[in-house]
Amino acid sequence: MTSLSAKIQDVFDEPACDNNRGKDTKARKQGCSKPLTPGAAAGGCAFDGAKIVLQPITDVAHLVHAPLACEGNSWDNRGAASSGPTLWRTSFTTDLTELDVVMGQGERKLFKAIREIKETYAPPAVFVYSTCVTALIGDDIEAVCKRAAEKFGLAVVPINAPGLAGSKNLGNKLAAEALLDHVIGTVEPDDAGPYDINILGEFNLSGEFWLVKPLLDRLGIRVRACIPGDARYIDVASAHRARAAMMVCSSALINLARKMEERWDIPFFEGSFYGITDTSEALRNIAELLVGKGADAEILDRTDTLIAEQEAIAWKKLEAYRRRLQGKRVLLNTGGVKSWSVVHALMEIGMEIVGTSVKKSTAEDKERIKRILKDENHMFEQMAARDLYAMLSKHKADIMLSGGRTQFIALKAKTPWLDINQERQHPYAGYDGMVELVRQIDLAIHNPIWGQVREPAPWDCQPALEEDLASTKNGIATVNAFNEFAGAPAHRFGDR
C-alpha cells in the first residue's frame with residue numbers, strides 16, 4: 001500500500017488544477033473529493049472510477065481480482081460504444097471465495113486466470129484491477145502481473161485502485177497513473193505525423209465521438225488515441241507521439257494531460273464538443289496547437305471553411321425548433337464538462353437556464369458557468385431530492401436534464417425529463433449532436449402525455465364524485481326494493 005499512498009498524494013497535489021494551487025499544503029494533501037462514508041457507495045468508489053476510465057479500451061481483457069460482486073457492480077456501468085472489438089464487454093474475475101482468502105490462494109488464482117485469458121482470447125493486454133478484499137489481504141498484484149508478462153509474452157498491467165482508497169474521481173486519476181506507468185510510451189509508431197492528436201477524457205457515450213471524428217478526418221487530423229473512448233491498446237501505448245491534445249473532462253484526467261505535456265511536450269487545452277459554438281472553438285484550438293507544433297498554417301483556413309459550412313447547416317436545422325423552444329426553462333442537474341458546455345449550447349437557441357449543478361465541476365468549470373450565466377444564484381452545489389421536487393412541482397422549469405438517478409423526481413412532479421448522462425441513448429456531441437439534443441428536448445417538452453397526466457384524476461373531482469355516489473345510492477335503493485318484493489335479502493351501500 002506504500003506505493004498506492006504515494007500515488008494518492010501525487011494526484012492530490014495536482015499543479016494543473018487552479019483550485020488546488022490556491023490551497024495551503026495541508027489542504028492540498030487532503031485532496032478535492034470527500035472521503036467515502038459507510039453506506040454511501042452510490043457515488044462510486046476508486047475501483048469503480050478506474051474501471052470507468054479503462055474499460056472502454058476495447059481490445060483489452062479487464063480482469064477484476066476480487067469476489068464476484070465487485071465485477072457485477074462495475075460491469076458495463078457506462079454506455080460507451082466500440083467500432084470493433086467486443087472483448088471489453090466480457091467479464092473476467094478471479095471470483096475469490098472465503099476459502100481462497102483464508103488459504104492465501106489469491107495470487108496463485110490470479111496468475112492462473114491471466115494464463116487462461118491468454119490461451120483463450122490472446123488479447124494484446126490484460127488489465128488487472130485490485131479491489132478492497134485483495135488489497136486488505138495483501139495480494140501483490142504488481143509482482144504477479146510482472147511475472148505473468150514475462151511468462152506469457154503480453155502486457156499485463158496492474159491497476160492499483162482498490163475501492164477503499166477513496167472516491168470515484170480518485171479512481172479516475174489512479175487509472176491515468178497506471179496508463180502513464182505501464183502503457184503510454186511502450187510502443188513506437190512508425191507512422192507519426194504532424195497532424196496527430198490525442199483526445200483525453202472522451203468516453204464515446206452512445207457513439208457520440210463518431211459525430212466528431214469525421215470533422216477531424218476532413219481536416220486531415222488523425223486521432224492518434226482517444227482515451228478511453230473506442231480505444232485500442234496499441235493506440236494508447238503510442239499516444240506519446242501525438243503533437244497536441246484536447247482535454248474533454250479535466251475533473252477525471254487532468255493529471256494525464258499535464259504529465260504527458262511534461263514528459264513528451266504535448267500541449268493541451270480543455271474544450272467541449274457540446275454545442276455549436278464550443279465545437280467550432282474546439283476545432284480552431286486543435287488547429288492552432290498543431291500549427292504551433294510545426295503543422296502547415298493552411299490548416300487554419302481549412303478549419304474556418306469547414307466551421308462556416310457546418311454551422312450554416314446546423315443553424316438551418318435548428319431554426320425549426322427555435323420558435324417552439326424560445327424562452328423554455330431548463331434545470332440541469334449534472335456536473336463536469338456538461339455543467340457549462342450544455343448550458344452554453346442551450347442558451348444558443350434561446351432557452352433559459354434556471355439552475356445548473358456544479359457538484360462534480362472543477363474551479364475552471366464554475367468560472368465558465370459564471371461567465372455564461374452572469375448569475376451565481378443559478379449555480380447549486382447539490383440540491384436535495386425534496387428541493388428538486390418542490391422546484392419542479394411549482395413549474396419553475398419546463399424540463400429537467402439529468403441522469404437516471406433523479407428521473408423519478410421529475411416524473412413524480414409531472415415534468416418532462418431527458419437523460420444526458422452516461423446512460424443516454426442518443427449522441428449529443430458535435431454539430432449533428434446539438435441538433436439531436438434540441439430535437440429530443442422538443443419531443444420531451446411537447447409530448448402530449450404531459451397534458452394528460454396533469455389533468456386532475458376523476459377521484460379528485462369532488463362534485464362529480466358526489467353525483468356518482470348519489471346515483472349509486474339511488475340505484476342500490478331500487479335494487480333493494482325489487483329484492484324485497486322478490487323475497488331476496490337487501491344490500492347495504494358499500495357491500496361487494
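Me: Which side chain meets that of Asp442 in a salt bridge?

Reply: This is a predicted model, in which local features need pLDDT of at least 70 and side-chain atom pairs count only at pLDDT 80 or more, while totals for chains, interfaces and linings use all residues. Residues are numbered from 1 along each chain as its sequence is written, and side-chain values use heavy atoms, with hydrogens and water left out. A salt bridge requires a side-chain nitrogen of Lys or Arg within 4 Å of a carboxyl oxygen of Asp or Glu. With an N to O distance of 2.8 Å, the partner of Asp442 is Arg324.

Me: How many residues apart in sequence are the parts tied together by Asp442 and Arg324?

Reply: Helices (H or I, at least four residues) and strands (E, at least two) are DSSP runs, numbered from the N terminus. Asp442 belongs to helix H20 and Arg324 to helix H15, so this pair ties together parts whose separation in sequence is 118 residues.

Me: Does Asp442 count as buried or exposed?

Reply: Buried means under 20% relative accessible area, exposed over 50%, and partly exposed in between (1.4 Å probe, protein chains only). Arg324, at 34% relative accessibility, counts as partly exposed. Asp442 has a relative accessibility of 7%, so this residue counts as buried.

Me: Which residue forms a salt bridge with Arg224?

Reply: In general, side chains of opposite charge can pair when their charged atoms come close. For Arg224, the closest N and O atoms are 2.9 Å apart, and the partner is Asp196.

Me: In which strands do Arg224 and Asp196 lie, and how many residues apart in sequence are the parts they tie together?

Reply: Arg224 is buried at 9% relative accessibility, and Asp196 is buried as well, at 2%. Salt bridges with shared partners join Asp191, Asp196, Arg222 and Arg224 into one network. Arg224 lies in strand E6 and Asp196 in strand E5, so the parts tied together are separated in sequence by 28 residues.

Me: Which residue forms a salt bridge with Arg218?

Reply: Arg218 is partly exposed, at 48% relative accessibility. The closest N and O atoms of the pair are 2.9 Å apart, and the partner is Glu309.

Me: What is the order of the strands in the open sheet of four strands?

Reply: Two strands pair if DSSP finds at least two bridges between them. Strand E5 (residues 196-202) is joined in parallel to E7 by four bridges, and E7 pairs with strand E8 (residues 268-270) in the parallel sense over three bridges. The open sheet, with parallel pairing, has the order E6-E5-E7-E8.

Me: Which strands stand at the edges of this sheet?

Reply: Neighbouring strands of the sheet are turned by 20° against each other on average, direction ignored. An edge strand here has a single partner strand, so one side of it is left without a neighbour in the sheet; the two in question are E6 (222-228) and E8.

Me: Which residues of strand E7 point the other way from Ala244 and Met246?

Reply: The bridge partner of Leu200 in E7 is Met247, and Ala245 stands opposite Phe268 in E8. Within E7 (residues 244-247), Ala244 and Met246 point one way, all four residues are buried, and those pointing the other way are Ala245 and Met247.

Me: At what angle do helices H14 and H20 pack?

Reply: Axes are lines fitted to C-alpha atoms, for helices over the stretch in contact, and angles run from 0 to 180 degrees between N-to-C directions. Angles over 145 degrees count as roughly antiparallel, and H14 and H20 are therefore roughly antiparallel to each other. The axes of H14 (residues 276-292) and H20 (residues 430-445) are 9 Å apart, and the angle is about 170°.

Me: Which residues of H20 are met by Ile276, Thr279, Ser280 and Leu283 in H14?

Reply: Contact means heavy atoms within 4.5 Å. The four H14 residues named meet, in H20, Gly430, Tyr431 and Met434.

Me: What is the phi of Ala122?

Reply: Ala122 is located in the loop between helix H7 (106-121) and strand E3 (125-129). Its relative accessible area is 53%, so Ala122 is exposed. Although Ala122 is not a glycine, its phi is positive, at about 50°.

Notes:
Angles under 35 degrees count as roughly parallel, over 145 as roughly antiparallel, 65 to 115 as roughly perpendicular and the rest as oblique.
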